[in-house]
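I opened my notebook for this one and wrote down what I looked up as I went. Have a look at the structure with me before reading on.

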Amino acid sequence: MVGPACAPDRPPSAALSRSHLNGAALPATDQNRVSCEGPTDLLESYRPTSFFLSSPRGPLLADAPLHRLASVDTASAALSRASENNVLFGALPFDGSQPPQLGLGAVVRLPAPLTVHQEIAAPVPIGADTSWAWEEPDDTLYKEAVRAVIKRIGQGEVDKVVLARAIDLTADRDIEVGDILRALVTAEPDAYSFAVDLGDRTLVGASPELLVSVHNGRATANPLAGSAPRHPDPVLDRIQATQLLESAKDQREHQVVVDAVADALAPLCRELETPARPALSRTRTMWHLSSRVTAVPREGVTALDLARALHPTPAVCGQPTGAARQAIRELEASPRGFYSGMVGWTDTRGDGEWVVSIRCGEVRGKSLRLFAGAGIVAGSTPEGEAAETRAKLRTMLLACGAIEATS
Ligand SMILES: C=C(O[C@H]1C=CC=C(C(=O)O)[C@@H]1O)C(=O)O
């Protein structure tokens, strides 16, 4: 069970729909899906063993402990035998070096975006009383790896590689994942904030990137690639965005991902539509080039089927996939674990949402390992990519209070 505040399949309280759902009444059709009682919100029901994912469509919370299932096929088979209100939820790592973390059971889903109470939201970072020890990322090794990728691109071995780096932080007390989650939901209301119990550690983050969702018979993927850091000055911020939109290098980096997404969806879908050119999307720390790809899944194709066909897109791996994977194995200093995998859920109808697990970290006791990567293509520079990954790390550094918004 999720806890005293929320339980599936009973009508939601008026207090919840007014205070926590942006003042919007819950749609009548979804009223049997969730019940929350008392002056609390879904985040307050989060426990270290829970699975949580916020989304523009509404948050999902599950409290069944996740099981290490031998394979996603086992999990899919279990879902196909499950009763109607069951949902398969969890996380898949970047590669097969670790088993997936998946659970199956009843969940609480709210049918509108979560907004955190203003009075709760005000102090965004977690405990001002937590102090962090961490070393500023050393760019030297990362730049060396970027140079090695640029060389491989020049030699025609690969077109694009997403190269990641990690930094380690230590808190002076056990880290409260719920606090980081609340800070992320508050600071990144348009992102997919998540926390997944991995057994010995917890994956927590706020991804801006929807790998794929299926809803009302339509699939949507929202690949992001091509980035620029936000600027605190609004005029300079706009200039950064405009330059990104016009950058030939970033357009190339983006198009590689859109083409791969379309190719992966095509055999499983009909009526595939891709935009002619990318739009801009933003997080608190980054601008991105963004494309919304839509399609109609063929009969029997689930959100999880589509997510597996898509993963890893060149937004986290590269192109061609095999050569990019090889470069990642050889050149990255830290194993990725669940960073750049996927987090999400699929229900018995095949609906679901899977997001790319980026802008995240793994919490273990007092330790937090954060990850960020950047797509390297012809025209990339070691300095530019090092700066981009530093900027991406700020999402999590801000959320845990290790840096301040003005720094
Ligand atoms: C791999 C990451 O971002 C991806 C998503 C958006 C933009 C990206 C880029 O511009 O390189 C990356 O492909 C990350 O944040 O760790």
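In which loop is N216 found? I found N216 in the loop between β13 (210-215) and β14 (218-221). Helices (H or I, at least four residues) and strands (E, at least two) are DSSP runs, numbered from the N terminus.

**Ground rules**

I am working with a predicted model, where local features need pLDDT of at least 70, side-chain atom pairs count only at pLDDT 80 or more, and totals for chains, interfaces and linings use all residues. Residues are numbered from 1 along each chain as its sequence is written.

**Positive phi**

I noted that most residues other than glycine have a negative phi. N216 is not a glycine, yet I read a positive phi near 50° there. N216 counts as exposed because it has 5 C-beta neighbours inside 10 Å. For burial I used C-beta atoms placed from the backbone: a residue is buried if 20 or more others lie within 10 Å of its own, exposed if 12 or fewer, and partly exposed in between.

I then turned to R359, which also has a positive phi near 50°. R359 sits in the loop between β22 (352-356) and β23 (360-364). Buried or exposed, I wondered, is R359? R359 is buried, because 29 other C-beta atoms lie within 10 Å.

**Cis peptide bonds**

I reminded myself that most peptide bonds are trans. The bond from H311 to P312 is cis, with omega near -5°, and P312 lies in the loop between α8 (303-310) and β20 (318-319). The bond from Q319 to P320 is cis too, with omega near -10°. P320 belongs to the loop between β20 and α9 (321-331).

**The whole chain**

I counted ten helices and 24 strands. The chain has 407 residues, and 51% of them count as buried. Among contacts with a separation of 6 or more, 76% join residues 24 or more positions apart. Two residues are in contact here if their C-beta atoms, placed from the backbone, lie within 7 Å.

**α4 and α10**

How do helix α4 (residues 139-154) and helix α10 (residues 382-399) cross? Their axes come within 9 Å, at an angle of roughly 125°. That makes α4 oblique to α10. Axes are lines fitted to C-alpha atoms, for helices over the stretch in contact, and angles run from 0 to 180 degrees between N-to-C directions. Angles under 35 degrees count as roughly parallel, over 145 as roughly antiparallel, 65 to 115 as roughly perpendicular and the rest as oblique.

On the α4 side I listed D139, Y142, K143, V146 and R147, which meet P382, E385, A386 and T389 of α10. These contact residues divide into four nonpolar, one polar and four charged. Ala, Val, Leu, Ile, Met, Phe, Trp, Tyr, Cys and Pro count as nonpolar, Asp, Glu, Lys and Arg as charged, and the others, Gly among them, as polar.

**Around the ligand**

I found 17 residues surrounding the ligand, the closest being S227, A315, I358, G373 and G375. The elements giving two or more residues to this shell are β10 (160-171), β15 (224-229) and β24 (367-376). The shell divides into nine nonpolar, five polar and three charged residues.

**Last stop**

R238 lies in helix α6 (residues 234-246). I logged R238 as exposed, with 12 other C-beta atoms within 10 Å. R238 and W287 are 49 residues apart in sequence and 9.7 Å apart in space, C-alpha to C-alpha.

Methods: A residue is near a molecule or strand if its C-beta atom, placed from the backbone, lies within 6 Å of it.
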